[in-house]
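Please look over the sequence and the model below before reading on.

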Amino acid sequence: KDWDSEMNAQELAEAVVHWLEFESLCGRADLFSEAALRMPVGQYLKTAQDHLVLPEFDYPAQAVTRSKSIDYCLKRQNGSSVLHAIESKWIGDKPRPTMAAEIFSDLYRLARLDWKSQNEPCDRWFLLAGVPDHLKAGVFERGFNVGKKRVSAFAEVLPQQKSEKVKELQS
């Protein structure tokens with residue numbers, strides 16, 4: 001693997017799915033939350049990446065809106081450059097009315113990331129997890145009114161991409 005530039009998003013997603021399945025089989029599905037996603041994401045990153053894995057990394061000042069930290073950052077071992085920024089979101093069985101705004105806020109902050117003193121680009125990742133029916137109702141069927149027309153809030157922003165392993169686990 002090319003640790004300097006690549007992060008395998010499919011492997012990360014599959015690691016999270018497997019962890020959620022394991023926790024569910026152990027009777028702990030009622031503990032699932034956005035904070036709980038830190039465990040599988042952090043474990044995967046620590047074993048699959050040869051970078052410093054930093055949870056709750058401070059955003060640069062210009063990108064701050066609601067939250068002041070990135071869920072995870074991967075920096076070079078010498079700490080010189082942030083190579084990857086990862087935000088995650090959990091959609092529980094009762095998505096909050098503010099969920100769409102929270103997702104847009106996370107995506108906005110990721111898009112605005114800019115470390116002025118850094119020469120290397122920073123890849124940005126957004127991990128959305130949850131029970132498929134809740135994801136569908138809470139995110140992918142979420143809409144807003146534009147004039148007299150109802151428009152999907154996320155159809156163009158968040159493609160519904162599933163790995164073969166995730167599809168296999170769902171069947």
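What follows describes a predicted model, beginning with the chain as a whole.

The protein chain has five helices and six strands. Of the 171 residues in the protein chain, 41% are buried. The accessible surface of the chain is about 10,100 Å², and carbon and sulfur atoms account for 52% of that surface. When contacts between residues at least 6 apart in sequence are taken, 59% of them link residues that are at least 24 apart.

Next comes the pair of helices α1 and α2. Two packed helices are described by the distance between their axes and the angle between those axes. Helix α1 covers residues 9-25 and helix α2 covers residues 38-48. Their axes come within 9 Å and cross at roughly 135 degrees. Angles over 145 degrees would count as roughly antiparallel and those from 65 to 115 as roughly perpendicular, so α1 and α2 are oblique to each other. The crossing of α1 past α2 is right-handed. On the α1 side, the contact is made by E11, L12, A15, V16 and W19; on the α2 side, M39, P40, V41, Q43 and Y44 take part. Sorted by type, the residues of this contact are eight nonpolar, one polar and one charged.

Is I86 buried or exposed? Its relative accessible area is 1%, and the cut-off for buried is under 20%, so I86 is buried. Leaving out residues up to four places away in sequence, I86 touches M7, L45, I70, D71, Y72 and W125.

S88 is found in β3 as well, and the strand spans residues 82-91. S88 counts as buried because its relative accessibility is 5%. Which residues does S88 contact, leaving aside its neighbours within four places in sequence? They are E34, L37, D71, D106 and L127.

Note on methods:
Residues numbered from 1 in each chain as written. Predicted model: local features only at pLDDT ≥ 70, side-chain atom pairs only at ≥ 80, totals over all residues. Heavy atoms only, no water. Helix = DSSP H or I, 4+ residues; strand = E, 2+ residues; numbered from the N terminus. Buried < 20%, exposed > 50% of the residue type's maximum accessible area, 1.4 Å probe, protein only. Contact = heavy atoms within 4.5 Å. Areas by Shrake-Rupley, 256 points an atom, 1.4 Å probe, with all protein chains shown as cover. Axes fitted to C-alpha atoms, helices over the stretch in contact; angles between N-to-C directions. Parallel < 35°, antiparallel > 145°, perpendicular 65-115°, else oblique. Left-handed = near helix turned anticlockwise from the far one by under 90°. Nonpolar A, V, L, I, M, F, W, Y, C, P; charged D, E, K, R; others polar.
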